[in-house]
Amino acid sequence: MRRRGSSAVWMILPLYLFTLIFVAGPLIYMVALSFSQSADGFGVEWAFTLENYKKILDPVYLQTFAESFQLALTSTAAICLIGYPFGYFMAKLSDGWKKKAMLALMLPFWVNSLIRLYGWIIILQNKGVLNFILKKLGIIEKPLRILYSYPAIVVGMIYVLLPFMILSVYSSAEKLDWSLVEAARDLGASKARAFWTVSFKLTLPGLLSGIILTFIPSMGLFFIADILGGNKIVLVGSLIQEQMTRGNNWPFAAALAVVLMLLTTIMIVLYRRITNVKELEGIG
């Protein structure tokens, strides 16, 4: 028994070391860096200060957080409207069609996301594919200026993050006991009522996990805003990058990252509490 216990410890030890060095270490350094101050010229002075966090309260930076939150909320809402029905009905397909749908869903992951976003530039530009098709159909006379705008960023966010929502809902809907839906229909419930009272409640954990997987990344995916938005909308991620590269203010960038990390942690805690309440309701 002792040999088995010691061997198990030696097997787990590399994982703990990796977590401490490459996960906990950088996080601790980032938090410590956020309380330091930028040195004149280059470098950091390790003198405790709260100025970096006070600076975030400036209306300009608060506006950046507000715009990032608004974009994340808009993108997540659109992803929910598209991804939930897709994942739900995908779970109802036959095994053969499930494999085909899963393959089609996984294919974009085989290509670098930057290359895929540049493909959207070809589609959305003034002389792009979208305007060409709309002109041919007689829907528009002049090209639509979609590229380098807010809608273009939302489209990019949806395209990159949609698979995470679909897979989350699919994994939840696949475990659904469809006999419960049939029982609700036999008891006189309409299709809509059976869906809201049975299917939706049982697949809600998948929807919530998909929201977490899409909302949190969309707060910091600044490269989408840079490529499709033309730097017209500054996100928190863009601000952090600018402070580290151009502004040479690593302590302030670290403070921004810490605040962003706290916001995402609050989202995860809320998600865990909601799912726990749902599980208790299901047990009751």
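How far apart along helix H2 are Glu51 and Lys54? They lie three residues apart in this helix, which spans residues 51-56, and are therefore separated by about one helical turn. The views below are all drawn from a predicted model.

View 1. Glu51 counts as partly exposed, with a relative accessibility of 49%, whereas Lys54, at 51%, counts as exposed. The two residues thus fall into separate classes because the boundary for exposed is set at over 50%.

**View 2. A salt bridge between Lys98 and Glu174 links distant parts of the chain.** Here the side chains of Lys98 and Glu174 meet, again with an N to O distance of 3.9 Å. Lys98 belongs to helix H4 (residues 95-106) and Glu174 to helix H7 (residues 150-174), so that the partners are 76 residues apart. Lys98 counts as buried, at 13% relative accessibility, while Glu174 is partly exposed, with a relative accessible area of 41%.

**View 3. The largest pocket is lined by 17 residues.** Its volume is about 320 Å³, and the lining residues closest to its centre are Tyr88, Phe89, Lys191, Phe195 and Ser199. Helix H3 (59-90), helix H8 (178-186) and helix H9 (191-218) each supply at least two residues of this lining, and the largest share, seven residues, comes from H9. By residue type, the lining of the largest pocket divides into 13 nonpolar, one polar and three charged residues.

**View 4. The largest nonpolar core gathers 44 residues.** Among these residues, Ile153, Met157, Ile224 and Leu228 touch the most other members. At least two residues of this core are supplied by each of H3, H4, helix H5 (113-124), H7, H8, H9 and helix H10 (222-229), with the largest share, 13 residues, coming from H7.

**View 5. Ile153 and its contacts are shown in close-up.** Once its neighbours within four places in sequence are left aside, Ile153 is in contact with Leu71, Ile224, Ala225, Leu228, Gly229 and Ile233. Two of these partners, Ile224 and Leu228, are themselves named with Ile153 among the residues that touch the most other members of the largest nonpolar core.

Conventions:
Residues numbered from 1 in each chain as written. Predicted model: local features only at pLDDT ≥ 70, side-chain atom pairs only at ≥ 80, totals over all residues. Heavy atoms only, no water. 1 Å grid on protein atoms, 1.4 Å probe; cavity = no way out; pocket = protein on both sides within 12 Å on 5 of 7 lines; lining within 4 Å. Points joined across faces, edges and corners; volume = space filled by probe spheres on them. Helix = DSSP H or I, 4+ residues; strand = E, 2+ residues; numbered from the N terminus. Nonpolar A, V, L, I, M, F, W, Y, C, P; charged D, E, K, R; others polar. Buried < 20%, exposed > 50% of the residue type's maximum accessible area, 1.4 Å probe, protein only. Salt bridge = Lys/Arg side-chain N within 4 Å of Asp/Glu carboxyl O. Core = buried A, V, L, I, M, F, W, Y, C linked by side-chain atoms within 4.5 Å. Contact = heavy atoms within 4.5 Å.
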